[in-house]
Amino acid sequence: WALHNNLILKKVIEDARKESDLRIAKEIQQGCLLPTDKLPQIIGLELAAMYKPYDIVGGDYYDVATDGKKAIFVSADVSGKGVSAALVVSMIRAYIKTIMQTTKDPMEILIKMQQLFENDLPRKMFVTASIAAIDLSTKQLTICRAGHTYLIHFFFYFNASRLIGGKGIMIGVATAEIFKSRLEKTIIDLSVGDIIMMYTDGLSEVRNSRNELFSDERLAECVAHFSASNSSQILKSIQNSLFEFGGNEGVIDDMCALIIKVLP
């Protein structure tokens, strides 16, 4: 009886310690992420963001920065979940903040990230990322992807959405030289009313009771369908669509998204 109680006590103490560690990790991660209700005010653009970790802490990351001439948008996803992925997220934030002091070019940012992560990323882990930059005077968008999800572009003029791809491999799976050779830059001229959505695969991979994926195509359709609303409402409507499709059980990963709408 005494041994049994002692084992139970040890388990209670271990569980309490783990819970405390996770709570601290959550607080640290929240400090790393830009609050969704405190996004930068950028003239000519309307922004909205969502971040929902699958567990207490997650491996998705987003960021927004501007120097008054360019606006930089980051979407990234660390393989795996939990504390280990959250620790890599903190590394991503530190690296990007440092890199953006010297360059705002999406391709250069990803190349420098690969160089930094080449020796620091834990074994068998990798990072997918997209970096987008919008010239605030011309509204020209430059996007570069490193194995990340598509970027959705809603054309206001044609009242339709398309998926923007572009070559690129994941950060941490090859040498810096190979990584650089696989990158591709895409340039788009945006117009008033156009919408850009950046997101992680937790959204497109929501599943319904028939094990069907929500898919990138459905996300693009949602952006077009809700395009008349403001950025925050578009994001809320997409979240509602995801819930209607898969419910809470359909969510199998962290979810993170950015909506950028071009204003007059």
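A pocket here is an open set of grid points where a 1.4 Å probe fits, with protein on both sides within 12 Å along at least five of seven lines. I worked on a predicted model throughout.

**Entry 1: the largest pocket**

I looked up the volume of the largest pocket and got about 220 Å³. Next I asked which element gives the largest share of its lining. That is α7, with 4 residues. I then listed the lining. It includes Lys-52, Pro-53 and Tyr-54. Gln-239, Asn-240, Leu-242 and Phe-243 are also in the lining, as are Gly-247, Asn-248, Val-251, Asp-253 and Met-255. By class I noted 6 nonpolar, 4 polar and 2 charged residues.

**Entry 2: the cores**

I turned to the largest nonpolar core, which has 57 residues. Which members touch the most others? I found Leu-45, Phe-73, Ile-92, Leu-110, Met-113 and Ile-171. Helix α2, residues 82–99, gives the most to this core, with 7 residues. As background, nonpolar side chains tend to be buried together in soluble globular proteins.

**Entry 3: helix α6**

Which residues of α6 (216–225) are buried? I listed Asp-216, Leu-219, Ala-220, Cys-222, Val-223 and Ala-224. I then looked up what covers them. The cover includes the strands β6, β7 and β9 (195–199). It also includes the helices α5 (201–204) and α7 (231–246). I kept one general point beside this list: an α-helix has 3.6 residues a turn, so residues three or four places apart point the same way.

I checked two residues here. Lys-139 is not a glycine, yet its phi is positive, about 60 degrees. I placed Lys-139 in the loop between β4 (127–135) and β5 (140–146). Is Lys-139 buried or exposed? Lys-139 counts as buried because its relative accessibility is 16%, and the cut-off for buried is under 20%.

Asn-159 is not a glycine either, and has a positive phi of about 50 degrees. I found Asn-159 in the loop between β6 (151–155) and β7 (160–164). Asn-159 has a relative accessible area of 53%, so I logged Asn-159 as exposed. The cut-off there is over 50%.

Methods:
Residues are numbered from 1 along each chain as its sequence is written. This is a predicted model: local features need pLDDT of at least 70, side-chain atom pairs count only at pLDDT 80 or more; totals for chains, interfaces and linings use all residues. Side-chain values use heavy atoms; hydrogens and water are left out. Helices (H or I, at least four residues) and strands (E, at least two) are DSSP runs, numbered from the N terminus. Buried means under 20% relative accessible area, exposed over 50%, partly exposed in between (1.4 Å probe, protein chains only). A nonpolar core is a set of buried Ala, Val, Leu, Ile, Met, Phe, Trp, Tyr and Cys residues joined through side-chain atoms within 4.5 Å. Contact means heavy atoms within 4.5 Å. On a 1 Å grid over the protein atoms alone, a cavity is a set of points where a 1.4 Å probe fits but cannot get out, and a pocket is an open set with protein on both sides within 12 Å along at least five of seven lines; lining residues have an atom within 4 Å of a point. Grid points are joined across faces, edges and corners, and a volume is the space filled by probe spheres set on the points. Ala, Val, Leu, Ile, Met, Phe, Trp, Tyr, Cys and Pro count as nonpolar, Asp, Glu, Lys and Arg as charged, and the others, Gly among them, as polar.
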